[in-house]
Amino acid sequence: LKADGIGLITSYEDRYLGDAVFAPVWEELNRRNAVVYTHPSWPACCSKMRDELNVSTVEYATDTTRTIGSIVLSGTAARYPNIRWIFSHGGGTLPFLVSRFEREEATLKDKQRILPRGLRYELRKFYYEIAQASHPYAMSSLKSFMPVSHILFGTDFPYRSAADMGRGLVRSGFTPREIAAINHGNAAKLFPQFA
């Protein structure tokens, strides 16, 4: 189909993207050096929740983080190094939970096979778009462990506008050069045909 990449949701029923059932998909996408964009949806674990908070307020960010953990801690990221992953919403809650992921890494029985180059290496390969995360709290956490070269512009339109996200970048202390990279330059490296 000559697609530039594919989009997936972070979980399908009770399976996150690191689940072994997806291995044939990852093998083919790895062979194609594909870009895979993920976006959360209503996670199965929370399907019966009814309270004051909309599921997108907390669970979407958490679902993104859980699939990142699934991809990394299952060894999927290391086994399929040619896939270029993009995670929405600044990686969800990942920037706040990195130390917990490091504790998980320390307990892995087969760490050399699962994370031969380490957790931080795998997390820093990924790309993170800023939709609904373009505010100083989330951006300062994301910038603390992620190179600006792996941060991409996103809006989550129609829920947020490009102007909202742009103002958030400015308020988050990015330089004009970094903002230009986030707005276009970093994506142009992923998709050179649109540069």
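**Close-up views of a predicted protein chain**

Of the 195 residues in the protein chain, 45% are buried, where buried means under 20% relative accessible area, exposed over 50% and partly exposed in between (1.4 Å probe, protein chains only). The model is predicted: local features need pLDDT of at least 70, side-chain atom pairs count only at pLDDT 80 or more, and totals for chains, interfaces and linings use all residues. Residues are numbered from 1 along each chain as its sequence is written, and side-chain values use heavy atoms, with hydrogens and water left out.

**View 1. The protein chain contains nine helices and seven strands.** Because its radius of gyration is 16 Å, close to the 16 Å that the globule rule gives for 195 residues, the protein chain is as compact as a globular protein of that length. The radius is taken over C-alpha atoms, and the rule is 2.2 Å times the number of residues to the power 0.38. Helices (H or I, at least four residues) and strands (E, at least two) are DSSP runs, numbered from the N terminus. The C-alpha trace spans about 45 × 45 × 35 Å along its principal axes. Among contacts (heavy atoms within 4.5 Å) between residues at least 6 apart in sequence, 70% join residues at least 24 apart.

**View 2. Five strands form an open sheet with parallel pairing, in the order β1-β4-β5-β6-β7.** At the edges are β1 (6–9) and β7 (151–152), each of which pairs on one side only. Two strands pair if DSSP finds at least two bridges between them. Strand β1 runs parallel to β4 (residues 35–39), and four bridges join them. Within this pairing, Leu8 stands opposite Thr38 in β4.

**View 3. The loop between β6 (127–129) and α7 (136–145) holds Gln132.** Although Gln132 is not a glycine, its phi is positive, at about 60°. Gln132 is partly exposed, with a relative accessible area of 35%.

**View 4. Asp156 is found in the loop between β7 and α8.** This residue, other than glycine, has a positive phi near 70°.

**View 5. A cis peptide bond leads from Phe157 to Pro158.** The omega of this bond is near 15°. Pro158 lies in the loop between β7 and α8 (162–171).
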